[in-house]
Amino acid sequence: MNPQAASDTRVAVLGMGIMGSAMALNLVRAGLRTTVWDRTPAAVAALADAGAQTAASPEQAVREANVVITMLPTADVVASVVFGGGVAQAFARSAVWAQMGTIGVEATKQIAARLAEVRPDVLYVDAPVSGSKGPAISGQLLVLASGPREAQPLVMPAFSAIAHKTVWLGDAGQGSRMKLVVNAYLSILVEGVAEALELADRLGIEHAKLAEVIEGGPLDAPIANAKLHKMDAGDFTAEFPLAWALKDVDLALASASANPPPLVAALSRQWHAAVDAGLGRADISAARLALGGRVAGDS
């Protein structure tokens, strides 16, 4: 990281959920001047203790920032926060807005167009992240960035503080497209682990033996291995909530052609049933509980 660029970077983070709070903490630890805001004031308390500035409103948070990060749950919330009040107007001159939540391709295009109308001087970067709670805490996220070339040097001090790697993919919107593909891949892997464990139970195969066979071989994948052990332990503490994963699966389906990928479509139906059964706030690994007649209360 360029020390001068880092010292000149003033970041505002809007949204202090699982991901946003971890990202903001790493920005503070990297020495970047960081202001935080959340719709729930109590959510910013820990960041204030760590050295972040807290703002009473999103307008106040962004006013002096040259990089604004939104890590909000849905497109509707992003639009409401940024365009529903005076936030867009409060952006500093020639600031960069890095929209880092997963909101889908169509919403990304609409928000970029809306920003261009009201604040054409602000650079819009579509930069969803790949990774869950653990990588967010350790600053090891993957940023899937897309947007104007001139924004890259401005946002890289912030991205370097929260991620082990940033991949630039082209014009704004390409990051969101890549994120939907990546999360579809992730979701299929997790459901595959859940169903493999269900089949193992039916065939009398010990989970530990299944893990021994897979680990270190060509079928081994870090995320699949981690979720296998999480399912085996019955630990469904949220790192990436199932409801959020389902949101991304449905966004992928909405962005697909008239003939959606059949496995992703089936996965959506399966996980809707799981969320309806009360598993939405649990980790994505709780897909295991939706199999074999299990319900949330059986865990």
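Let me start with helix α5, residues 75-83, where seven of the nine residues are buried, so that the helix is largely enclosed by the rest of the structure. Please keep in mind that this is a predicted model. The buried residues of α5 are Ala-75, Val-77, Val-78, Ala-79, Val-81, Val-82 and Phe-83.

In soluble globular proteins, nonpolar side chains tend to be buried together. Here the largest nonpolar core has 35 residues, and the members that touch the most others within it are Leu-27, Ile-69, Met-100 and Phe-159. Two or more residues each come from β1 (10-14), α2 (18-29), β4 (67-70), β5 (96-99), β6 (123-126), β8 (141-145) and α9 (152-162), with α2 giving the most, namely six.

If you look at Leu-27 in your viewer, and leave aside residues up to four places away in sequence, you will find that Leu-27 touches Val-11, Val-13, Leu-32, Thr-34, Ile-69, Ala-158, Ala-161 and Ile-162. There is also a second, separate core of 32 residues, which includes Phe-236, Leu-253, Ala-274 and Leu-291.

My last topic is a sheet. Three strands, in the order β7-β8-β9, form an open sheet with mixed pairing. The edge positions are taken by β7 (129-130) and β9 (163-168), each of which has a single partner strand, so one side of each is left without a neighbour in the sheet. Between β7 and β8 the pairing is antiparallel, over two bridges, and Ser-130 has Leu-142 in β8 as its bridge partner. Finally, α9 lies across β8 and β9, and runs at about 145 degrees to β9.

Definitions and conventions: Residues numbered from 1 in each chain as written. Predicted model: local features only at pLDDT ≥ 70, side-chain atom pairs only at ≥ 80, totals over all residues. Heavy atoms only, no water. Core = buried A, V, L, I, M, F, W, Y, C linked by side-chain atoms within 4.5 Å. Buried < 20%, exposed > 50% of the residue type's maximum accessible area, 1.4 Å probe, protein only. Helix = DSSP H or I, 4+ residues; strand = E, 2+ residues; numbered from the N terminus. Contact = heavy atoms within 4.5 Å. Pairing = 2+ DSSP bridges. Axes fitted to C-alpha atoms, helices over the stretch in contact; angles between N-to-C directions.
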